[in-house]
Number of protein chains: 2
Amino acid sequence: MTLGSVPVLITSPLEDRLVQEIADTDPRLNVLHEPDLLPAPAYHADHALPVVDTPEQLARWQALLAEAEVLFDFGPLALAESLATLPNLRWIQATSAGVGQFARRIGLTRSQVIVTTASGVHARPLAEFILMSMLMFVKGAFHLAAEQRAHHWQRYAGEEIAGKVVGIIGVGRIGQEIARTLRGLDARIVGAVRDPGDRRPEDLYLDRLLSMDQLDTMLADLDFLVLCCPHTSQTDGLISAARIAALKPGAVLINVARGAVVDEPAMIVALQSGHLRGAALDVFAHEPLPQDSPLWDMPNVLISPHSASTAASENQKIVDLFRDNLRRYLDGHPLRNVLDKDLLY
Amino acid sequence: MTLGSVPVLITSPLEDRLVQEIADTDPRLNVLHEPDLLPAPAYHADHALPVVDTPEQLARWQALLAEAEVLFDFGPLALAESLATLPNLRWIQATSAGVGQFARRIGLTRSQVIVTTASGVHARPLAEFILMSMLMFVKGAFHLAAEQRAHHWQRYAGEEIAGKVVGIIGVGRIGQEIARTLRGLDARIVGAVRDPGDRRPEDLYLDRLLSMDQLDTMLADLDFLVLCCPHTSQTDGLISAARIAALKPGAVLINVARGAVVDEPAMIVALQSGHLRGAALDVFAHEPLPQDSPLWDMPNVLISPHSASTAASENQKIVDLFRDNLRRYLDGHPLRNVLDKDLLY
């Protein structure tokens, strides 16, 4: 490789400062960044993919993609299905952790292109969302909000995290981060993963570690069911109507995985009946959540617009990961966070 | 002492099971418990003091108080000022931590009667209230609630606890518990106490430890100001209009101490102007918070009816403490949580 011989194309909005950091990583890199082709970010760490409006833009994108060896993010949605067959493309660094289904849909899992995820970057913001939601339920924040609207002062007793039984489905970076945080508050934590292998519960900050096959054995004990697993063929519809019915009455469901992991109509019925005490939801079967969804008006439901993972600090963390991976790539070492094309995470 | 020779009078509502635990602590105790003289608890761990309605009730209370050597809680408010001069009374175990001002007002701090507080019992529930409030502000929960009411889906970027500067006024059990919890989320934590002595910050889970005299040096750096100090002559009005003005613009105030620690009108002005980004308040200048207080309707204020410390597990914890103190008392050993009659905590 010679000076500037590895073309790296930036395909979603990124601060100039961070683009410069990427370029400064190694002189062998040639960073391609054309801000006028990229959408304006609507908020910090908005990874909106480009929309191609004109034939001229289309031609520019096609030329850039044909040249690129490395992509930062997936580029225009309109061209996503071409990525698997681009002549020079070797590697795509995603800006999200849950990209398995998308990569499969656009053919990348049947190609030679390496995809690395942003797994880990969002663990802390998601753990904080989960912790906030759990505290809001144990401390009665939904009750408090209603009392405040009514200017009504009535003392009451809340609950505590201590002793609550929390089931975590998927104990990757997010699951471990929430487990670590909850240990300090003396929750009892059970995790379920596809294959526990020889991992010990304590290595993952858990009291117990089950395989997904044993999921049904824990449902009746749970005060909180936390979903932070990848969306795969195994987890699609995992939390079925039958499993919701098997949950302890009064359990709370927290979903930061993907809407498709839950039978949403069955969840709505359980929230209406009170079998589920409440839910904190960052993901939905259809996003944006339709205007007429009954979830919007439920007093025991917290709706987050798929933003629980998003924090102002996010782009820096993704760029730190990308730079580490670029050094590994240039040195011929294995990359971090490589997407498993069978497991889809 | 002979069998059952130490009369212990229960003067606020307590479950029969826990009264029995107290009686079982030692055969030298003679537990006096007349449930028909006690109010019905309005919620778990409601420590409502008895109201004396009839001359007959008054006579019964006077007889019981004259006999008692040890009180569990302070008994009828109407008789509180008699406690300092009762013939046999030696010790009162309170069910609250912040009883210094009350004990002073009813003359106990000028008497020989020992008062022990429930300090420590409420630390975890209060730390969880503080943590919940901080997470609600960093994750934008107030914004989310408004969006949900409007059925409005708009992605956004939240913030994180990591890197936030938190000032804790009063680093007793509550302050240490919130500091311990926040360390796991990488906040930067400064504590201020009356007299640091030779304590090291790390012993209190802090990054820095200041004396109250140095309070003004930290205000401009704080993202969160957390009040969990006792109400004493030194902390009365501590957070004055001038100190509120000296806070970093956009700071959040969290008060679980006492309303009198803050200049409430100045706080309200700062919340209206946006100088304070918000507040989470469990205590107020006047309680119940008056119907016409502007605080009720502020979208950036969380109102809690002096209940953040109250949890279903509380009575068990207080009784555990009381039983330990009863054993110490009978054995002539120093009690735990003795109220300092000068410092008032």
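Predicted model: local features only at pLDDT ≥ 70, side-chain atom pairs only at ≥ 80, totals over all residues.
Select α1(A) and α9(A): the two are roughly parallel to each other, because their axes cross at roughly 10 degrees and angles under 35 degrees count as roughly parallel. In residue numbers, select 16–23 for α1 and 314–330 for α9 of chain A. The two axes come within 10 Å.

Now show side chains. On α1(A), pick Leu18(A), Glu21(A) and Ile22(A). On α9(A), pick Asn315(A), Gln316(A), Val319(A), Phe322(A) and Arg323(A). These residues make the contact between the helices. Colour them by class: four are nonpolar, two polar and two charged.

**Zoom out to chain A**

Hide the side chains and show chain A as a cartoon. How many helices and strands are there in chain A? Chain A has nine helices and 12 strands. Its radius of gyration is 22 Å, close to the 20 Å that the globule rule gives for 345 residues, so chain A is as compact as a globular protein of that length.

Next, colour by burial. Of the 345 residues of chain A, 45% count as buried. Then look at contacts between residues at least 6 apart in the sequence of chain A. Of these, 61% join residues at least 24 apart.

**Cross to chain B**

Bring chain B into view. Select the contact between the chains: 44 residues come from chain B and 44 from chain A. Stay on the chain B side. Two elements there give two or more residues each, α4 and α5 (141–149) of chain B. Which of the elements gives the most? The answer is α4(B), with eight residues. Colour the chain B side by class to find 24 nonpolar, 13 polar and seven charged residues.

**Finish on the α4 pair**

Select residues 123–138 in both chains; this is helix α4 of chain A and helix α4 of chain B. Their axes come within 9 Å and cross at roughly 130 degrees. α4(A) and α4(B) are therefore oblique to each other. Look down on the pair: α4(A) passes α4(B) in a left-handed crossing.

Show side chains once more. From α4(A), take Glu128(A), Leu131(A), Met132(A), Leu135(A) and Met136(A). They meet Glu128(B), Leu131(B), Met132(B), Leu135(B) and Met136(B) in α4(B). By class, this contact has eight nonpolar residues, no polar ones and two charged.

Notes:
Residues numbered from 1 in each chain as written. Chains lettered and ligands numbered in written order. Axes fitted to C-alpha atoms, helices over the stretch in contact; angles between N-to-C directions. Helix = DSSP H or I, 4+ residues; strand = E, 2+ residues; numbered from the N terminus. Parallel < 35°, antiparallel > 145°, perpendicular 65-115°, else oblique. Contact = placed C-beta atoms within 7 Å. Nonpolar A, V, L, I, M, F, W, Y, C, P; charged D, E, K, R; others polar. Left-handed = near helix turned anticlockwise from the far one by under 90°. Rg over C-alpha atoms; globule rule 2.2 N^0.38 Å. Buried ≥ 20, exposed ≤ 12 C-beta atoms within 10 Å, placed from the backbone.
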